[in-house]
Amino acid sequence: MNNDQQFKNKRLTIGYLALGGGVILFVLTILLKDNATLGNYLKLIQGIGVFLVFWGIFMLFQASSYKKNPAILKKDMVESMDERKVWIRHHAGNNAFIFSAAASYLALLIVGMTREPIDPDLAWWVLAPLVSITLVVYIANLVYYENKY
Amino acid sequence: MKNRLEELRAGQKWTQQELANHLNVSRQTVISLEQGRYNPSLLLAFRIARVFGLKIEEIFLDEEDQDNE
């Protein structure tokens, strides 16, 4: 099997797995909708399911476009292995990880120092931006390194 | 690190995209290499040398070496 076929097959496999997993999660949340112990977690699981479905469809769509236009396949293959891009992704990921670790440590430190129990709503409003900001840090680093190198 | 990539590419009458195709890298990488913003790995440097039929040191110029001369 040549590299082109391997690259295309990898996309197809990821696409089918994501689509299948997403549908299973989505159906599961519908079946368990009356389960009181899961409560709000169901919405979260449903959200992940929807995300996986869309991601899977995107991957499958990409794989089918490779069949119609091999030039896109070649471009995507080069982009995925391009050493400068790989280097940029690694550095951006590393910086995002350092930010995430430092921010989580800071949050833990604050929680450790508070005498009163933390309100779950407050905890959610602190933790949710922490996740989103980590993603923003990653993207900002990608843009920064793309311009610098 | 300075390099003669742009000059050598012009000599071959290749576009940046054509050189990128020869090297199996993206066009942005060729642009960054030509502008001296990105230093290639040893592997890519060898590939570049092979494409132009030259030695690595004939393409990439060590600025420290130049200062010492």
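Into which domains is chain A divided? In the predicted model, local features require pLDDT of at least 70 and side-chain atom pairs count only at pLDDT 80 or more, while totals for chains, interfaces and linings use all residues. Residues are numbered from 1 along each chain as its sequence is written, and chains are lettered from A and ligands numbered from 1 in the order in which they are written.

Chain A comprises domain 1 (1-80) and domain 2 (82-149), with bounds taken from an automatic or database domain assignment. Taken over C-alpha atoms, the centres of domain 1 and domain 2 of chain A are separated by 25 Å.

Arg11(A) lies in helix H1 (residues 3-31) of chain A; helices are DSSP runs of H or I with at least four residues, numbered from the N terminus. Arg11(A) is buried because 20 other C-beta atoms lie within 10 Å, the criterion being 20 or more such atoms, with C-beta atoms placed from the backbone. When residues up to four places away in sequence are not counted, Arg11(A) touches Met59(A), Gln62(A) and Ala63(A); contact requires C-beta atoms, placed from the backbone, within 7 Å. Between the C-alpha atoms of Arg11(A) and Phe26(A), 15 residues apart along the chain, the separation is 22 Å.

At the interface, eight residues of chain A are in contact with nine residues of chain B. On the side of chain A that touches chain B, helix H3 (70-81) and helix H4 (83-113) each supply at least two residues. The largest share of this side, three residues, comes from H4(A). By class, the side of chain A that touches chain B has six charged residues, two nonpolar and no polar; Asp, Glu, Lys and Arg count as charged, Ala, Val, Leu, Ile, Met, Phe, Trp, Tyr, Cys and Pro as nonpolar, and the others, Gly among them, as polar.

Conventions:
Buried ≥ 20, exposed ≤ 12 C-beta atoms within 10 Å, placed from the backbone. Contact = placed C-beta atoms within 7 Å.
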